[in-house]
Amino acid sequence: MHILVTGAAGFIGYHLCRRLLADGHSVVGVDNCNDYYDVQLKKDRLAELAAMPEAERFRFELLDLADGQALLALFASEGFTHVVNLAAQAGVRYSLQNPESYLNANLLGFGHILEGCRQNKVGHLLFASSSSVYGMNAARPYSVHHNVDHPVSLYAATKKSNELMAHAYSHLFRIPCTGLRFFTVYGPWGRPDMALHLFTTAIVHGKPIKVFNEGRMRRDFTYIDDIVEGVVRLLPLAPGPDPKFDPEHPNPSSSSAPWRIYNIGNNKTVELNDFIAALEDALGMKASKELLPMQPGDVEATWADIDDLAADTGFSPTTPLAVGIARFVAWYKEYYKI
């Protein structure tokens, strides 16, 4: 496969590029390397990719998806067989402060990706959605067969919009599209704005950690290797129209168009306090906690129903939380020379 990976300097994008190159594919990675978090971390991820033995099959382009002309020129010149769109303005809380960045990256940028796929007949587009689309839904575990029309953050609304935009293009132009609802991804090279990185940094420097909802929130923490395995398993499975799709009783996860939605999560929900305890064990240090109320835009719990993923790929995430956190801590200590 000749694959475009957007967001290649990001956490998931970096790990996916490593896996695709190791599997023998050729990859073009694009990223705008913005300063939402430490740009040096993004540069170091790219340096790791450039140092791989398979690096001759990897090329990086510094490119913003909002630049439609440049992106469409890249599509036209490369002839991608597959596209994995991971580029996005991430973060729920930041969407309350800087909404315009979400509109540019997550809506305009994704529209340009769809146009590139349409004009160049890409065989399969996979794109990152998010568990945040479940919003106010209180039925758990979250199923791709549930309605997701009540997001509680702009970030979630843009991800739901991506699913709708992809469906429209899939219906009109028969582009095979697969949306991937990721659940709280963690692991080595993880984002500094996420809980595991923030907590680790605070603990090792003797500072209190900010614990929202007094630690009673629950998350379906999913190790990065399991996320990547799910993506790789789905990559060759370009969806066709669902022969069982009933327009009088529509299934939210499939369509008469070649379009599908999957959850990729650990299929377990863990209380934040237990997550912190596992981190304390891995570090051999105790956390000082600053207990805070729930933040606007957050949800109390996430939990992925992955029955469809398991049925179609034969894969279910397997990495225990304690193992994944220990691997993150080992990477953190090496990277930051602690």
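1. Let's start with the second largest pocket, which holds about 240 Å³ of space. A pocket here is an open set of points on a 1 Å grid over the protein atoms alone, where a 1.4 Å probe fits, with protein on both sides within 12 Å along at least five of seven lines. The volume is the space filled by probe spheres set on the points. This is a predicted model: local features need pLDDT of at least 70 and side-chain atom pairs pLDDT 80 or more, while totals for chains, interfaces and linings use all residues. Residues are numbered from 1 along each chain, and side-chain values use heavy atoms, without hydrogens and water.

2. Helix H5 (residues 154-173) gives the most to this pocket's lining, with four residues. Lining residues have an atom within 4 Å of a point, and helices are DSSP runs (H or I, at least four residues) numbered from the N terminus.

3. Now look at two packed helices. H6 (residues 195-204) and H8 (residues 272-283) pack at about 50°, with axes 11 Å apart. Axes are lines fitted to C-alpha atoms over the stretch in contact, and angles run from 0 to 180 degrees between N-to-C directions.

4. Which residues in H6 meet H8? They are Leu196, Phe199, Thr200, Ile203 and Val204, where contact means heavy atoms within 4.5 Å.

5. Finally, a backbone detail to find: a cis peptide bond joins Arg140 and Pro141, with omega about 5°. Most peptide bonds are trans.
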